[in-house]
Amino acid sequence: MKTENEKPILCLPISKETFVPALLDFFRQHARSLPWRKTGDPYKIWISEVMLQQTRVETVIPYYERFLSKLPDLVHLAEVDEDRLLKLWEGLGYYSRARNLKKTAKEILATGRMTMPASYRDLVALHGIGPYTAGAIASIAYGEPVPAVDGNVLRVVARLTGYGFNILEPSFKRAVEAFLRPFIPDDGTAGTFNQALIELGALVCTPGTGSRCGAPKCEQCPLSAYCASFRDGTAQVLPVRINPSKRTEQKKTVLLLQYGDMICLRKRSDAGLLAGLFEFPTLDGWYEGEEIAEVLREAGLSPLGKEPLPPAKHVFTHMDWLMKGWRIKLADSTVLPAAPTGQDLFAVPVKSLEQYALPSAFSAYRKLL
Ligand code: ADE
Ligand code: SF4
């Protein structure tokens, strides 16, 4: 659910006393044995979390071991020469992560400390450490009850709460942190809690059939009894991920088909974008006047005059419509149904248009009636 000012609100019908043991028991029974889970050293946990941010667990393991055997503490990292550092990182990709680690190590030493800052607040104050990494280090190394929300956790919480909007919007991450905060145990096991959520996402509440790890295994999930997606059967379609850089553009030709005082409408398909709403008849792609006349004649209509209308753009969440418009005068003798049947054209008096749900994508053309 989203409120009017677009802040997502998440809720789950489960108490802390049920949620936390379910998750921690799962972790105890099923957690993978990973080298960074055998240490309480905040420096080692930092290195592991940075490596894990863009790289798979299996790939990270040998790099983690080698990196720490060569650079076992902050001082070694701060003093390593760049070529040697990049060599240790070779194959992991995203090399700016390595340079950033060294820069942050120097930043810490410059404050006069020889060891990692000892709280979330002091960690997140560093230039090179963001909220996720600070949360992971503080909860895992110090047991501080702070969230550590990575992509796994976003997915798990979106499914648990049945969140149907774009999870890549920054407001969702903040909402997940706020949602989790009351559940995070303050008895020193916050790090286990956070890693259990990550582990649930990695092993059980997996991304989906298109990904390497396949569909979510809800039948094995300790939280299925409380999960909105399990209840609604939407685990395979959630979460919604709309990457802002992956916007697409679609060209459309919008037709104002008019005769007498009538305007033609069509009901959109019951599935997909603007499902079940009405539209001015719209063609995919840009058509010129003569091509449109041809299409209309094939549909049994008699176009008489055609007038190009100004282009218009409509911005949807993940797509833009680039529209060209045409006003087409049909013969006054045209006979079309007065109400929609399926997706056939129908015609209504212009003054009755307001009775039909015409999406704002068409408002530039509606104004021209
Ligand atoms: N991904 C990010 N942090 C992780 C962790 N601590 N264990 C496993 N996978 C992770
Ligand atoms: Fe994810 Fe399924 Fe568990 Fe819900 S029941 S949290 S969708 S694995």
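**Figure 1. The E5–E6 hairpin in a predicted model.** Strand E5 (residues 303–315) and strand E6 (residues 319–330) run antiparallel and are joined by ten bridges. Strands here are DSSP runs of E with at least two residues, helices are runs of H or I with at least four, and both are numbered from the N terminus. Two strands count as paired if DSSP finds at least two bridges between them. Three residues separate E5 from E6 in the hairpin. Pro308 has Trp326 in E6 as its bridge partner. In a regular strand the side chains alternate between the two faces of the sheet.

Residues are numbered from 1 along each chain as its sequence is written, and chains are lettered from A and ligands numbered from 1 in the order in which they are written. In this predicted model, local features need pLDDT of at least 70 and side-chain atom pairs count only at pLDDT 80 or more, while totals for chains, interfaces and linings use all residues; side-chain values use heavy atoms, without hydrogens and water.

**Figure 2. Strand E2 and its pairing partners.** E2 (residues 262–267) pairs with E1 (residues 248–259) in the antiparallel sense over two bridges. Tyr259 stands opposite Met262 in E2. Two residues lie between the strands of this hairpin, and Gly260 takes a positive phi near 50°. Most residues other than glycine have a negative phi. E2 is also joined to E7 (residues 346–349) by four antiparallel bridges. Here Leu265 is partnered by Phe346 in E7. Two further antiparallel bridges pair E2 with E3 (residues 278–279). Arg266 has Glu279 in E3 as its bridge partner.

Figure 3. Most peptide bonds are trans.

**Figure 4. The surroundings of ligand 1.** Residues around this ligand (a heavy atom within 4 Å) include Leu34, Glu49, Leu52, Val57, Asp150, Gln195 and Ile198. Trp36, Arg37 and Tyr132 also belong to this set. A polar side-chain atom of Arg37 lies 2.9 Å from a nitrogen atom of ligand 1. For Tyr132, a polar side-chain atom lies 3.1 Å from a ligand nitrogen. For Trp36, the corresponding distance is 3.3 Å.

**Figure 5. The shell around ligand 2.** Cys205, Cys218, Cys221 and Cys227 are among the residues around ligand 2. The shell divides into eight nonpolar residues, one polar and one charged. Ala, Val, Leu, Ile, Met, Phe, Trp, Tyr, Cys and Pro count as nonpolar, Asp, Glu, Lys and Arg as charged, and the others, Gly among them, as polar.

Methods: Polar contact = N/O pair within 3.5 Å; in protein donor to acceptor, adjacent residues only side chain to side chain.
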